[in-house]
Amino acid sequence: MNRVTEKQLQAICDRLNRITNSPMSPYVDGKAQPGNYHLSHAYGGVCLHRMGNENGGVSSPLSIGHVPKRELAALMYAYISGIETQREEVAA
């Protein structure tokens, strides 16, 4: 198995921001950017967070805590697939 790197996780996160038309950075000039997806690191793991408001509050759209990089990558791919599938069904 190949190791999942921080760079790969960031690329998935960037893709998620692009397909949802969300801001690419969690903060611009010190101001929180609501809607931005970004990575959080704690407890030896990684979590996907989404900026919820202008005060910097976040949510965890995958409803998980901090997990190993490989697990987060798989969950993020599934999340993206769900978004894309939903869009295809709406367009049909």
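# Fold and core of a predicted protein chain

Residues are numbered from 1 along each chain as its sequence is written, and side-chain values use heavy atoms, with hydrogens and water left out.

The protein chain contains two helices and five strands. Read from the N terminus, these elements follow the order α-β-β-β-β-β-α. The radius of gyration is 14 Å, close to the 12 Å that the globule rule gives for 92 residues, so the protein chain is as compact as a globular protein of that length. This radius is taken over C-alpha atoms, and the globule rule is 2.2 Å times the number of residues to the power 0.38. Helices (H or I, at least four residues) and strands (E, at least two) are DSSP runs, numbered from the N terminus. Along its principal axes, the C-alpha trace spans about 40 × 35 × 20 Å.

The surface is considered next. The protein chain exposes about 5,800 Å², of which carbon and sulfur atoms supply 51%; accessible areas come from the Shrake-Rupley method with a 1.4 Å probe, and for residues only the protein chains shown count as cover. Of the 92 residues, 32% are buried. Buried means under 20% relative accessible area, exposed over 50%, and partly exposed in between (1.4 Å probe, protein chains only). There are 9 positive and 8 negative side chains, and the centres of the two sets lie 7 Å apart. In this count Lys and Arg are positive and Asp and Glu negative, while His and the chain ends are not counted; the place of a charge is taken as NZ of Lys, CZ of Arg, CG of Asp or CD of Glu.

In soluble globular proteins, nonpolar side chains tend to be buried together. In the present model, the largest nonpolar core has 17 residues, and those with the most contacts inside it are Leu9, Leu16, Leu39, Leu48, Leu72 and Met76. At least two residues of this core come from each of α1 (6-19), β3 (37-42), β4 (45-51) and α2 (69-91). Such a core is a set of buried Ala, Val, Leu, Ile, Met, Phe, Trp, Tyr and Cys residues joined through side-chain atoms within 4.5 Å.

Leucine 9, located in helix α1, has 0% relative accessibility and therefore counts as buried. Apart from its neighbours within four places in sequence, leucine 9 is in contact with Val4, Leu39, Val46, Lys69, Leu72, Ala73 and Met76. The C-alpha atoms of leucine 9 and alanine 74 are separated by 10.0 Å, although the two residues stand 65 residues apart along the chain. Glutamine 10 also belongs to helix α1, but at 32% relative accessibility it counts as partly exposed. Its C-alpha atom lies 9.7 Å from that of alanine 73, at a sequence separation of 63 residues.

With the same exclusion of neighbours within four places in sequence, leucine 16 is in contact with Tyr37, Leu48, Tyr79, Ile80 and Ile83. Tyrosine 37 is part of strand β3 and, at 3% relative accessibility, is buried. Beyond four places in sequence, the contacts of tyrosine 37 are Cys13, Leu16, Asn17, Thr20, Ser22, Leu48, His49, Arg50, Pro61 and Tyr79. Tyrosine 37 and tyrosine 79 are 42 residues apart in sequence and 12 Å apart in space, C-alpha to C-alpha.

Helix α2 also holds arginine 70, which is partly exposed with a relative accessible area of 37%. From arginine 70 to threonine 85, 15 residues apart in sequence, the C-alpha to C-alpha distance is 23 Å.

Most residues other than glycine have a negative phi. Aspartate 29, however, has a positive phi near 50°; this residue is found in the loop between β1 (27-28) and β2 (31-32) and is exposed at 78% relative accessibility. Tyrosine 43 likewise has a positive phi, near 55°. Tyrosine 43 is placed in the loop between β3 and β4, and its relative accessibility of 82% makes it exposed.

Definitions and conventions: This is a predicted model: local features need pLDDT of at least 70, side-chain atom pairs count only at pLDDT 80 or more; totals for chains, interfaces and linings use all residues. Contact means heavy atoms within 4.5 Å.
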